[in-house]
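Biologist: Please display the sequence together with the model, and let us then discuss selected features in turn.

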Amino acid sequence: MKVLIENLSFNCIIGILDFERVTHQKVNINIVFDYDFKDKSYFIDYSKVVEQIEHIMIENKFELLEEAITFIENFLNSTYKIKNLHIKISKPDILSNCTVSLQNI
């Protein structure tokens, strides 16, 4: 199975600029991963994953998108039996003329 969490959107503290350390800004997160579904005794509750990701981002107040992606990547890989994990975090409002994103490879 492939789980796609698309456009998870909320506000948090993230960034290295002075104003980013005190003002919440919008982030959008997309996460995609595969897992082996055999029966309903083992499935991944995507609503729980969404809740965990939002909590991680709000509580940790990351400075760099790279740090946030690495943390989330390590958390998901150690919590769930998943593979082919892709994470993309976007800051749609940081620049007036574009959306800035970072994605693991």
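Biologist: Which residues does Gln52 touch, not counting residues up to four places away in sequence?

Modeller: This is a predicted model, in which local features need pLDDT of at least 70, side-chain atom pairs count only at pLDDT 80 or more, and totals for chains, interfaces and linings use all residues. Residues are numbered from 1 along each chain as its sequence is written, and side-chain values use heavy atoms, with hydrogens and water left out. Contact means heavy atoms within 4.5 Å. With residues up to four places away in sequence not counted, Gln52 touches Phe75 and Tyr80.

Biologist: With which side chain does the side chain of Gln52 make a polar contact?

Modeller: A polar contact is a pair of N or O atoms within 3.5 Å; within protein, one must be able to donate a hydrogen and the other to accept it, and residues adjacent in sequence count only if both atoms are side-chain atoms. At 2.6 Å, the partner is the side chain of Tyr80.

Biologist: Is Gln52 buried or exposed?

Modeller: Buried means under 20% relative accessible area, exposed over 50%, and partly exposed in between (1.4 Å probe, protein chains only). Gln52 has a relative accessible area of 17%, so Gln52 is buried.

Biologist: At what angle do helix H1 and helix H2 pack?

Modeller: Helices are DSSP runs (H or I, at least four residues) and strands likewise (E, at least two), numbered from the N terminus. Axes are lines fitted to C-alpha atoms, for helices over the stretch in contact, and angles run from 0 to 180 degrees between N-to-C directions. The axes of H1 (residues 46-60) and H2 (residues 65-79) are 11 Å apart, and the packing angle is about 140°.

Biologist: Which residues of H2 make the contact with H1?

Modeller: On the H1 side, the contact involves Val49, Gln52, Ile53, Ile56, Met57 and Asn60. On the H2 side, the residues are Ala68, Phe71, Ile72, Phe75 and Leu76.

Biologist: What is the phi of Lys61?

Modeller: Lys61 is placed in the loop between H1 and H2. At 43% relative accessibility, Lys61 counts as partly exposed. Lys61 is a residue other than glycine with a positive phi, near 45°.

Biologist: In which strand does Asn84 lie?

Modeller: Asn84 is not a glycine, yet has a positive phi of about 55°. Its relative accessible area is 48%, so Asn84 is partly exposed. The element that holds Asn84, covering residues 83-95, is strand S3.
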